[in-house]
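Here's a quick briefing to read alongside the model. Keep the viewer open and click through the residues as they come up.

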Amino acid sequence: MAGAFGSALRREARFLASNFWDLALVSWVPLLLMAVVAIQLSSGVMRGLPIAVVDQDDSAVSRELTRRLDAAPGLRVAARPGDMRAAERLVRSNRAYAVVLIPAGSERAVLRGATASITTFYNASYSTASGAALRETGNVVQSLAATLAATQTAATLGPGKVRRPPVAVQSAVLFNPQGSYEPQLVALIHPALLHLIFMVAVASALGRELRDGTIGEWIGGEPPQRAAAAVAGKLAPYLAIFTGWGLLAIGYVAGLRGWPVAGSVAMLLAGYVAMYLAYVGVTLLVVGLTLTMGKALSVAGLYAGASFAFAGAIFPIESASGFARLWSALLPYSAFAKLLAEQWIMGAPAAQSLWQLLAMLAFLLVGGGIGLPRYLAAARRPESWGRR
């Protein structure tokens, strides 16, 4: 069986070396996509989000609030339109993510000891940027309110009556106090891209033999054990190459960008390998059931492409519909995302992530157990060859 494995490995390596686009799929295409994601998210924290301020009060208080909004690191007062209609046009043209309305009479209300109502309208179509602008605006308004309250108390009752609040809330983000998007998103999107390309490459490698009718010459006359070893040898270059890309992804975020792995690097790398093996099992199942390269590639793109949205790492899956939770459980990437959070960010014990490894390897056993025998049987059935 070792001979069949080695022979198939060399055969696939020769094919990759002589076919530009198949080689591109496992070489510069993953590098290019990973680089684009890394560059786009390299700043980590959003700064200078444009907002518009509609100042209908034109008072010292409103001008101070506008100044503080513009000075906040996460915001930039991009425009000061005269009315809400002009502000709406700015939002619709994507020149502002939010509009802060300071109504007339705000300063008068503050001086009377009443509460001035500052309203923020935000564009929910861009939830991440608008949400960040909304939070930053709220912090600025609350900071100014605390300053005005202390000033009013001092002016009315005397400086000696000013007291700090007896109770204050201090909150911190666990495992990412900087609030940076980079360690969370880059570390998740890189494997999401890699496993999608990996599944497409494996589906292409297996389906190509059926499409071109070469599967019979390749393993049609081999006993089942040698044929299975040949399939493993064929897929070994892809597993090795994409494990290397996984190492590069870890090295970039942890080494070059300085976000250290809080848990076990070995467990994290094992998670990459287990994830790829899981998608080998899924691809064998898809190819074995369809026996068609085109259908297998379509299913691979749909199945792996939906993983990021349903993994529960960005969008919560706990309160989603039953279908969404079931679909999440049927995706190996969901288990990998949990392992990634446990080992990279949370620093959980390595033993805790063994369950995620076992969950991913179950996809290999089930998918391979069903799909591989059908694929090997197709090597002896010429009528199943040549389908597009």
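This is a predicted model: local features need pLDDT of at least 70, side-chain atom pairs count only at pLDDT 80 or more; totals for chains, interfaces and linings use all residues.

Two helix pairs come up here: H11 runs roughly antiparallel to H15, while H10 sits roughly perpendicular to H16. There's also 1 cavity of 30 Å³ or more in the whole structure.

**H11 against H15**

- Helix H11 covers residues 265-290 and helix H15 covers residues 332-346; their axes come within 10 Å and cross at roughly 180°. That angle is over 145 degrees, the cut-off for roughly antiparallel, so H11 counts as roughly antiparallel to H15.
- On the H11 side, the contact uses Met267, Leu268, Gly271, Tyr272, Met275, Ala278, Tyr279 and Val282. H15 answers with Pro332, Tyr333, Phe336, Leu339, Leu340, Gln343 and Trp344.
- Sorted by class, the contact of H11 with H15 has 13 nonpolar residues, 2 polar ones and no charged ones.

**His195, a buried histidine**

- Look for His195 in helix H8. His195 counts as buried because its relative accessibility is 0%, and the cut-off for buried is under 20%.
- Leaving out residues up to four places away in sequence, His195 touches Met275, Tyr276, Tyr279, Ala304, Ser307 and Tyr333.

**H10 against H16**

- Helix H10 (residues 224-256) and helix H16 (residues 354-378) have axes that come within 11 Å and cross at roughly 110°. Angles of 65 to 115 degrees count as roughly perpendicular, which means H10 is roughly perpendicular to H16.
- H10 brings Pro224, Ala227, Ala228 and Val231 to the contact, and H16 brings Leu372, Tyr375 and Leu376.
- By class, the contact of H10 with H16 has 7 nonpolar residues, with no polar and no charged ones.

**The cavity**

- The largest cavity holds about 30 Å³ of space.
- Its lining is made of Leu16, Asp22, Leu25, Val26, Ala201, Ser204, Ala205, Arg208 and Tyr238.
- Which helices each supply at least two residues of that lining? They are H2 (20-26) and H8 (182-212), and H8 gives the largest share, 4 residues.
- The lining of the largest cavity splits into 6 nonpolar, 1 polar and 2 charged residues.

**Loop residues worth a click**

- Pro73 is in the loop between helix H4 (60-71) and strand S2 (75-79). Pro73 counts as exposed because its relative accessibility is 51%, and the cut-off is over 50%.
- Apart from residues up to four places away in sequence, Pro73 touches Arg47, Gly48 and Glu136.
- Pro73 and Ser7 are 66 residues apart in sequence and 60 Å apart in space, C-alpha to C-alpha.
- Most residues other than glycine have a negative phi. Asp58 has a positive one, near 45°, and Asn94 has a positive one too, near 65°.
- Asp58 sits in the loop between strand S1 (49-55) and H4, and is exposed, with a relative accessible area of 56%.
- Asn94 sits in the loop between helix H5 (84-92) and strand S3 (98-102), and at 47% relative accessibility counts as partly exposed.

How values were computed
Residues are numbered from 1 along each chain as its sequence is written. Side-chain values use heavy atoms; hydrogens and water are left out. Axes are lines fitted to C-alpha atoms, for helices over the stretch in contact, and angles run from 0 to 180 degrees between N-to-C directions. Angles under 35 degrees count as roughly parallel, over 145 as roughly antiparallel, 65 to 115 as roughly perpendicular and the rest as oblique. Contact means heavy atoms within 4.5 Å. Ala, Val, Leu, Ile, Met, Phe, Trp, Tyr, Cys and Pro count as nonpolar, Asp, Glu, Lys and Arg as charged, and the others, Gly among them, as polar. On a 1 Å grid over the protein atoms alone, a cavity is a set of points where a 1.4 Å probe fits but cannot get out, and a pocket is an open set with protein on both sides within 12 Å along at least five of seven lines; lining residues have an atom within 4 Å of a point. Grid points are joined across faces, edges and corners, and a volume is the space filled by probe spheres set on the points. Buried means under 20% relative accessible area, exposed over 50%, partly exposed in between (1.4 Å probe, protein chains only).
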